[in-house]
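Thanks for making time this morning. I would like to take you through one structure, beginning with the chain as a whole and then moving to a few residues.

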Amino acid sequence: MPVLTAQVIAGNSGPGSIPAGATRYFTNALVGGHPSVVYAAAGRRGRFRDLRVVTQGAPGAGQSWTVTLQNLFTGTALTCTIAGAGSNQAADLVNSAVFEAAGRWCLKIVSSSGAQPTTNILFSLLFESLD
């Protein structure tokens, strides 16, 4: 049965820590050092868009966390950055990424070298079926 409206995919990375200077991968309640540990199946051909992320605090002055949707082991154009001491959220409402039904996705976070550690990253994406 075709999906007629965009489906919201939302979650929380869970309690696994993202320390300063680290690259980690996550989906709902999973954080790991490699995408194969956490990726989830797309399940059908479709387009991901409207990436939004919120953290408990800010990365700190001059620091950042960059979050990018991964397609298997490759970054997509769907990405956003939380930067500075006054922000704990970011969104990419412009770009999108098409996945095949056999595709696997996860989110990649890159923490700058002096960023505050973070956990429990809230995220949401919209998924539109292209079948």
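This is a predicted model: local features need pLDDT of at least 70, side-chain atom pairs count only at pLDDT 80 or more; totals for chains, interfaces and linings use all residues.

As for overall dimensions, the C-alpha trace spans about 45 × 25 × 20 Å along its principal axes. The radius of gyration of the protein chain is 14 Å, which agrees with the value near 14 Å that a compact globule of 131 residues would have.

Of those 131 residues, 40% are buried, and the accessible surface of the protein chain comes to about 6200 Å², with 53% of that area belonging to carbon and sulfur atoms. If we take the contacts between residues at least 6 apart in sequence, 75% of them join residues at least 24 apart. On the charges, there are 8 positive and 5 negative ones in the protein chain, and their mean positions are 6 Å apart.

Let me turn now to S13, which sits in the loop between strand 1, residues 7-12, and strand 2, residues 23-27. Is S13 buried or exposed? The relative accessibility of S13 is 1%, and because the cut-off for buried is under 20%, S13 counts as buried. Leaving aside residues up to four places away in sequence, S13 touches F26, T27, A29, L30, V31, T119, N120 and I121. With I121 there is also a polar contact to point out, since a polar atom of the S13 side chain lies 2.9 Å from the backbone nitrogen of I121 and the cut-off for such a pair is 3.5 Å.

As background, most residues other than glycine have a negative phi. A29, although it is not a glycine, has a positive phi of about 65 degrees, and N120, also a residue other than glycine, has a positive phi near 50 degrees.

A29 belongs to the loop between strand 2 and strand 3, the latter being residues 30-32, and with a relative accessible area of 52% A29 is exposed. Which residues does A29 touch, if those up to four places away in sequence are not counted? They are N12, S13 and G14, and for N12 the C-alpha to C-alpha distance from A29 is 5.7 Å, across 17 residues in sequence.

N120, for its part, is in the loop between strand 9, residues 104-111, and strand 10, residues 122-129, and N120 is partly exposed, with a relative accessible area of 24%.

Finally, I would like to move to L78, which is in strand 7, residues 74-84. L78 is buried, its relative accessible area being 0%. Not counting residues up to four places away in sequence, L78 has contacts that include F48, L51, V67, L69 and L125, along with D50 and D92.

Terms used: Residues are numbered from 1 along each chain as its sequence is written. Side-chain values use heavy atoms; hydrogens and water are left out. The radius of gyration is taken over C-alpha atoms; the globule rule is 2.2 Å times the number of residues to the power 0.38. Buried means under 20% relative accessible area, exposed over 50%, partly exposed in between (1.4 Å probe, protein chains only). Contact means heavy atoms within 4.5 Å. Accessible areas come from the Shrake-Rupley method with a 1.4 Å probe; for residues, only the protein chains shown count as cover. Lys and Arg count as positive and Asp and Glu as negative; His and the chain ends are not counted. The place of a charge is taken as NZ of Lys, CZ of Arg, CG of Asp or CD of Glu. Helices (H or I, at least four residues) and strands (E, at least two) are DSSP runs, numbered from the N terminus. A polar contact is a pair of N or O atoms within 3.5 Å; within protein, one must be able to donate a hydrogen and the other to accept it, and residues adjacent in sequence count only if both atoms are side-chain atoms.
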